Amino acid sequence: MRIFTFYSFKGGVGRSSLMFHLGDYWASKGHVVALLDMDLHAPGISLHPWLEKPEKKNIYHTLGISDLLATFYQTQNLQKQTFQFFSPSRMLRHLRPPKGSNRWGSKGRMLVLPSGQVALPQPESIQDAQAVKIPSGQDSASDDPEQKALRHFARLLREDLEAFRLPEPPTQSGIDFLLIDCRTGYLDMEELAMGYLAERVVLVSGLNHQNLEGLDITLQKLRPHRVPPLHYASELLLAFGPVPAHYMDDPQARQSLQKGMRILEKNRAAVTAGARAEIVPPCFLLPYTPHLATSDEPVNQDFFLGRRHPYWEVVEQIADTLVSLQSLEESQRETLQQLYNITGTVLPPAVKAPAEESPSATDNEKNKLEMEEEEEGINWKDRDPTRKSLALMFQLPEWHWPLADKPTQIRSWLRRHGLPAEPNETLVHLLNGLCASITLSPEEKANVLSSCASLSQFQLDSLIEVFQAENKKFAARSIRAAPRFMVRLLHAQQAWAELLCGQEKGEALFLSKLEKDPGPFASWKHYAAYWFALTTPLEEAGRYESAEAGYRKAIALDPENGAAWIFLGNLLQDHLGRPEESETAYRRAIELNPEFALSWNGLGNLLQVHLNRHEESEAAYRRAIELDPKSAVPWNGLGNLLQDHLNRHEESEAAYRRAIELDPKDAIPWNGLGNLLQNHLNRYEESEAAYRRAIELDPKFAAPWNGLGNLLQDHLNRHEESEAAYRRAIELDPKFAAPWNGLGDLLQDHLNRHEESEAAYRRAIELDPKFAAPWNGLALLYTNTLQCQEARQCYRQGLALDPDSPYLFMNMGSIKLISGEDWQADSLKALAGFEKQSGLPSIYNRIYLAVALSAGERLPSDAEMNGLFARWEANGNLHVAATLRALHQGNKIQSHLDRVMALLASYFYQRHTIERFYLLAGSRPDLREALRSAARQFFHLPQEIIQRFRDQPTPHLLERYRPFVEGRSDGAGDARDLALFCKDAVPGTEK
């Protein structure tokens, strides 16, 4: 419910008529309007001929606001903090236009809360009236008991009217606008009507000396409490009336209007150095209309010769200023069109008209029990109405703020744009308007600047008027619009800094000015939306602690801001490594709005990635999907969960494909699908296609390039292309550690460039010190260069980061086996870890370790092996695993060896297969000769197989296994071989 109070120092200036016409206008738009007649000593609306007669059986229809106030004053007990109150909505009566007019359509209504029958006292003298200062609409610690009581009375009145619903069609419609008719009289009525109730005050003043002096007195009473500094234009609106139709030719009228404007300017509050002067409130001229002197009916609304009655035109302008029914985009188009009409240089954008925004007149939809009558006493509480506007948000510094301490650069910039180095007042106003505008793009602002020298004084003045009107209109918007406007203001001011200082310098300067305390944008810091919007550039700059502080300040200003809690949860999860606090933030967001899917999705990510509570994670994703079935995001998260943790790969594919169906242009689920097809479903051509589709959709997305690099290295043996893919991922995201690790593997395993491989692993570790995988790769590199002590230290570093890594335990066990040490403990931990994982690499290593440990009971059954072959028959590692399993079971292995050779595609897998046979020979002496025979076949491969290999040969690494192949070694753990593998190891000693 929007509340506007109409006040005039003297009567006869058209105050009640203006209020009635505004109500008539909004009712004709389909809104419900209530008129509260607080002109208690000379009521007007209460006597309107359209007002329906009181219902005989309804005693409340004989009462009015004065009766309610009389009850309040007669029963208030300031010591006990109680008073009696009855529901004002029961006194509402309808205005009924003449039959057959259909004036307000099927939805529009006008209601009246009459003045009542009780006479209330007036101030004893004019001095008493002039001494009163209208208080702020917000509670104050300095309020005395009487003020607190009246504030609470206003709160109850407002809440009762907000809860009111029409009993007849359109049922459930509440009051959209409450318009209060108030005039000089009883002092508390001014406090109540203009201070405690009004969202905005409309002042109506005549042009004679008495009215203008009264206007000055009124402004002094309103400032600085009711209308604080920087809220001048957003809290007040002024209408002069009646104004002669030909006032431009009437020297007396023009002189009076100029005096009125000087009074407005005189009552502007002082501002801090470097800030702009307050903009005066919007002013309108109500034309003299004889009809209003002789009739209670509104002025005719009909069009005549293509336009409405001049009075109606002003009424519509005032209505649009008080509550713009335009969307932001529509307002922008209107402003652009005006600028184009003035200069011809700024073209209105050709955008589709959006749906009309509602003024949201019934924001408070909560149910409220109806107040009982006089018998019930009410205790008042410290609760404030939400009546804030965006006024402070649009209080910006002077246009030259990026260069404020550099006068030489200011003059140079002005000359560069063809402007005088010492700008006059007109140019300063124009530059201030350009700086503040959120309508114009940077290019359009530059166009206006370039045309300034060729514009006439009339054009310049017109431009200034357009910019000031934009500022006033947007500054009066409700606090609920703060997030959207804050983002636009941030972008506009950053662009302005870039226009003055260049892009790179301007962006850095803007961020530094934002954080400066108090800084040029100190007024923004009163808004939660500012702190919320500031977090984006802070996060992009990697300043996560500062971003957290921003979110927490936004929450402190607006504790029920669910979005701030969600993004705080994201920050704590993704960048600050505090998952428990992240969960608290998500749970708070859910508590505030259980129906908001985004918080459930964030919680699902947290439970999956950081807290390993996978069943709860799935439930969170499915709740997000239930709440927002058209969102692709939770389907993608669910796909990741099903792939990475729940081993439900067919369901994972279905989830990714559903995400793609819902958002075909989102690259993220295509990347997840590529990973699934590569790592679990053995569909490598489809995997490559998925990665390339992700790259096509988002060429700057590094992850699919990394996945493609893995695919090309591990499965397609296209090593040069793999290197190019990794390097492209690194180029796109230099802080992404995974492609550096993949590049390290590629350079070590296939390209024989060990120095570059080490550098790549080191870079991955530097970028992500918590990433264990590059420590494993680096350890293998040291093993290949016979530096076993260095390798052991790397494994320890990796296990400190990932104490459950089966790869690190397995490879540590291998070094210990080669060195003749106890290797079983590490291998048992590795086996347990692989048994918890899915995917072919885990199955392969699980079979190898089970055979090495003679743990036949932990090998897959025949049925499981058949299922694996049905899925991965074309994978050489699976046939190696089948060879080892067959050896353990005493079965023939040659058919498996033949299949491995048929699939062998690189020197790396040749060495790797021989290495497994060599290690097993040391742990399973009973299988040694069969393993030696198998290793011999792979050591002496036919030339036709070697010709398939596309990676670099490493004969020095292959030669380590010659003694074993030729019968001069018993395999891993043979002291005769130790120098071939660990030049720095001492047999039987833990390093």
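## A salt-bridge network

Salt bridges link E548, R552, R578 and E581 in a network. A salt bridge here is a side-chain nitrogen of Lys or Arg within 4 Å of a carboxyl oxygen of Asp or Glu. The whole structure holds 58 of these bridges.

## Basis of the model

This is a predicted model, where local features need pLDDT of at least 70, side-chain atom pairs count only at pLDDT 80 or more, and totals for chains, interfaces and linings use all residues. Residues are numbered from 1 along each chain as its sequence is written, and side-chain values use heavy atoms, with hydrogens and water left out.

## Overall form

The protein chain has 45 helices and 10 strands. Both are DSSP runs numbered from the N terminus: helices are H or I with at least four residues, strands are E with at least two. The C-alpha atoms fill a box of roughly 120 × 70 × 55 Å along the principal axes. The radius of gyration is 39 Å, while a compact globule of 991 residues would have one near 30 Å. That radius is taken over C-alpha atoms, and the globule rule is 2.2 Å times the number of residues to the power 0.38.

Buried residues make up 54% of the 991. Buried means under 20% relative accessible area, exposed over 50%, and partly exposed in between (1.4 Å probe, protein chains only). Of the contacts (heavy atoms within 4.5 Å) between residues at least 6 apart in sequence, 69% join residues at least 24 apart.

## Charges

The protein chain carries 108 positive and 130 negative charges, and their mean positions are 1 Å apart. Lys and Arg count as positive, Asp and Glu as negative; His and the chain ends are not counted. Each charge is placed at NZ of Lys, CZ of Arg, CG of Asp or CD of Glu.

E758 and R762 pair within helix α31 (residues 754-767), four residues apart, about one turn of the helix. Their closest N and O atoms are 4.0 Å apart. E758 is partly exposed, because its relative accessibility is 28%. R762 is also partly exposed, at 35%.

E821 and R792 form a salt bridge at 2.6 Å, N to O. This pair links distant parts of the chain, 29 residues apart: E821 is in the loop between α34 (806-818) and α35 (824-835), and R792 is in helix α33 (residues 788-801). Both E821 and R792 are buried.

E835 bridges to R858, with 2.8 Å between the closest N and O atoms. E835 lies in helix α35 and R858 in the loop between α36 (840-852) and α37 (862-872), so the pair ties together parts that are 23 residues apart in sequence. E835 is partly exposed, with a relative accessible area of 33%. R858 is partly exposed too, at 26%.

## Helix α18

Helix α18 covers residues 528-540, and its buried residues are A528, A529, Y530, W531, A533, L534, T535 and L538. They pack against α16 (482-501), α17 (503-515) and α19 (544-557). Just after α18, G542 takes a positive phi of about 75°.

## R932 in helix α41

R932 sits in helix α41 (residues 928-939). R932 counts as buried because its relative accessibility is 6%. Neighbours within four places in sequence aside, R932 contacts P963, F964, V965, G967, S969 and D970.
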